Amino acid sequence: MIGAPFWNWDWLFGHLDLIGDRLLEHLYLSGLAVSIGLAISLPLAVVAHRRRVLYGPITSVAGILYTIPSVALFASLVPFTGLSTLTAEIGLVSYTLLILVRNAVTGLSGVPQDVKEAARGMGYNERQLLWRVEMPLALPAIIAGVRIATVTTIGLVTVTALIGKGGLGSLMLGGFRNLFPEIAIVAGVALSVALAVVTDTLILGGQRLLTPWSRGVRLRVGAS
Amino acid sequence: MTASFFGEVIEWLSASANWSGDFGVPARVVEHLIMSGASLGIAMAIALPIGMYIGHTGRLQFLVVSLANFGRAIPSFGLLFLFVLWLGLGLSSPPSLRPPIIFALVLLAIPPTLTNTYVAIQNVDRDTIEAARGMGMTGIGTLVAIELPLGAPLILAGIRTSAVQVVATAALGAVVAGGGLGRFIIDGFAARDFPQIFAGALLVAILAILTEVAFAGLERLVSPRMSSAGRRGRAEPHPWEVAGRAPRSPDPIA
C-alpha cells in the first residue's frame with residue numbers, strides 16, 4: 001500500500017463485500033448481546049422489584065462486572081473459551097446487565113400504586129398484574145435502557161477485534177496493522193458511529209409505536 | 001487444565017523477574033497511573049469550567065445533550081487509531097505520555113464529567129439560589145458558595161465515571177504501542193502466553209476497581225452531612241427509596 005493515497009477510494013469500493021460482512025458481523029454480535037442481556041436482566045429486575053433486599057446485591061455484582069475494563073474481561077476469558085464468539089458474547093452481555101436491570105427496576109417501581117390497586121380490584125392476580133399493567137407501564141424506562149445498552153455494545157464490539165472478532169473493529173485493527181489501507185480505520189469508525197445512531201433512532205421509533213400513550217414525553221439528560 | 005493454568009498464573013505473578021525493571025509490574029502500574037492521571041487532569045481542566053458555565057447560565061445546553069449522546073456512539077478503540085493516523089505513534093515520547101493515546105483519553109473523559117457538572121449545578125434548588133441572591137450574593141458568589149458545594153457529590157460521580165473509563169481505555173493504549181498494564185495483555189497475545197494474559201487482565205481489573213472505590217470514597221466525603229442517602233455506602237438505594245431521582249445512566253467503559 002506504500003504510495004497509495006490516504007483517501008484510497010479504489011480499495012474502499014473494491015471491498016464493499018468485505019465491509020458489508022464486517023457490518024453484518026457487528027450487527028449480529030451486538031444484537032445477540034443485547035437480546036441475551038435482556039433475557040437475563042428482565043427476570044432479575046422482576047425479582048429485585050418484588051424482593052427489595054436483593055436489589056443492592058444484584059446491582060453490586062452487575063456494577064463490578066461493568067467496572068472491569070473490556071480488554072481485561074475479554075483477555076481473561078480467552079484461556080478458557082478461546083478466540084470465539086462465546087468469549088465475545090460473555091463479555092458483551094456482562095456489560096449490558098447493569099444498565100438494563102437498573103432501568104427496568106426503575107420503570108417497574110414507577111408504576112403508580114393506585115393503578116396497581118385498581119388492577120387488583122378488578123381481580124388481576126400477580127402474574128396478570130405484571131404482564132398486563134406493570135410491564136407495559138415500565139416499557140419506556142426499559143427501552144431507554146435498551147437504547148443505552150445497544151449504543152454501548154456497538155462501541156464495545158470493536159474491542160473484540162483483539163480476540164479475532166470485532167465486526168467493524170477488525171477493519172480498524174487491520175488498518176492499523178497495515179493489512180488494509182489506512183482508509184479502513186476511517187471507514188470502520190464512521191460506520192460504527194452511523195450504526196449506533198441509526199439503531200438508536202430505530203429503537204426510539206419502535207418505542208413510539210409500542211407505547212403511543214407516552215408520546216410527547218421527552219428524554220432528559222441523565223447524570224451518571 | 002484449569003488447576004495447572006491457575007498455577008501458572010500464580011507462578012507468573014510471583015516471579016520476581018516480573019516485578020522489577022522497566023518492564024515489571026510496578027513500572028507498568030506507574031506508567032498506567034501517569035497516563036491516566038495526565039489525561040484525567042487535562043479533561044477536568046476542560047470539562048469542569050464548561051460544565052459550570054453551562055449549568056450556571058443555562059446557555060449552550062444543546063452542547064451537553066449532543067456531546068453526551070455522541071460521546072457514547074464513538075468507539076474508544078477506533079478513536080485511538082484515528083489519533084494514531086493523525087499524530088503518528090509518538091514513539092519519541094515516553095510510553096506513558098504518547099500524544100495519540102493522551103488525546104484519545106482526554107476526549108473520552110470529557111463527556112461524563114461535563115454532563116454531571118452541568119446537571120449538578122442545574123439541579124440545585126432554585127429557592128436556595130433565590131435566597132442567596134436575596135442576601136446580596138453575586139453570580140460567581142452563588143456558584144462558589146452554593147451551587148458547587150451542593151453539586152459536589154454529583155460532580156464527583158461524573159469524575160469517577162471519567163476516571164474509571166480512562167483507566168480502562170489506557171489499557172487499550174498498549175495496542176498502539178503505549179505503556180501501562182495493557183502491555184502484559186497485548187504482549188501476551190503476541191507470544192501466546194496465556195498465564196501472562198490472564199495476570200495482566202487481573203491487574204488491569206484490580207486497578208479499575210480500586211479507582212472506582214477510591215473515587216466513591218471521595219464522593220462520600222463531600223456528600224452534604226444532612227443527607228443519609230450518600231452515607232449508606234456503595235449499596236444502591238432501591239429506586240423506591242429515591243422517588244423522583246433519575247436513574248444513574250452510566251457511560252460505557254472502554
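This is a predicted model: local features need pLDDT of at least 70, side-chain atom pairs count only at pLDDT 80 or more; totals for chains, interfaces and linings use all residues.
Read from the N terminus, its elements follow the order α-α-α-α-α-α-α-α-α. The C-alpha trace of chain A spans about 75 × 40 × 30 Å along its principal axes. Of the 224 residues in this chain, 53% count as buried. Contacts across the sequence are also worth a look: among those in chain A that link residues at least 6 apart, 73% join residues at least 24 apart.

One helix pair can be followed in detail. Helix H2 (residues 16–50) of chain A packs against helix H7 (residues 126–157) of chain A at an angle of about 140°, and their axes lie 9 Å apart. Since angles over 145 degrees would count as roughly antiparallel, this angle makes H2(A) oblique to H7(A). The crossing of the two helices is right-handed. On the H2(A) side, the contact is made by A:His26, A:Leu29, A:Ser30, A:Ala33, A:Val34, A:Leu38, A:Leu42, A:Val46, A:His49 and A:Arg50. H7(A) contributes residues including A:Glu126, A:Leu130, A:Met135, A:Ile142, A:Val146, A:Thr150 and A:Val157.

Attention now turns to the aromatic rings. A pair of aromatic rings is described by the distance of the centres and the angle of the planes. Over all chains, the count comes to 16 aromatic pairs. In one of them, the ring centres of B:Phe5 and B:Phe6 are 5.7 Å apart and the planes stand at 65°, so the pair is edge-to-face. The two residues can be told apart by their accessibility: B:Phe5, at 5% relative accessibility, counts as buried, whereas B:Phe6, at 36%, counts as partly exposed. B:Phe5 and B:Phe6 also belong to one aromatic cluster together with A:Phe80 and B:Phe198.

A further edge-to-face pair is formed by B:Trp12 and B:Phe184, with 5.2 Å from centre to centre and 80° between the planes. B:Trp12 lies in helix H1 (residues 2–14) of chain B and B:Phe184 in helix H8 (residues 182–191) of chain B, so this pair ties together parts that are 172 residues apart in sequence. Both B:Trp12 and B:Phe184 are buried.

Conventions
Residues are numbered from 1 along each chain as its sequence is written. Chains are lettered from A and ligands numbered from 1 in the order in which they are written. Side-chain values use heavy atoms; hydrogens and water are left out. Axes are lines fitted to C-alpha atoms, for helices over the stretch in contact, and angles run from 0 to 180 degrees between N-to-C directions. Helices (H or I, at least four residues) and strands (E, at least two) are DSSP runs, numbered from the N terminus. Angles under 35 degrees count as roughly parallel, over 145 as roughly antiparallel, 65 to 115 as roughly perpendicular and the rest as oblique. A crossing is left-handed if the near helix is turned anticlockwise from the far one by less than a right angle, and right-handed if clockwise. Contact means heavy atoms within 4.5 Å. Rings of Phe, Tyr and Trp (its six-membered ring) pair if their centres lie within 6.5 Å; planes under 30 degrees apart count as stacked, over 60 as edge-to-face and the rest as tilted. Buried means under 20% relative accessible area, exposed over 50%, partly exposed in between (1.4 Å probe, protein chains only).
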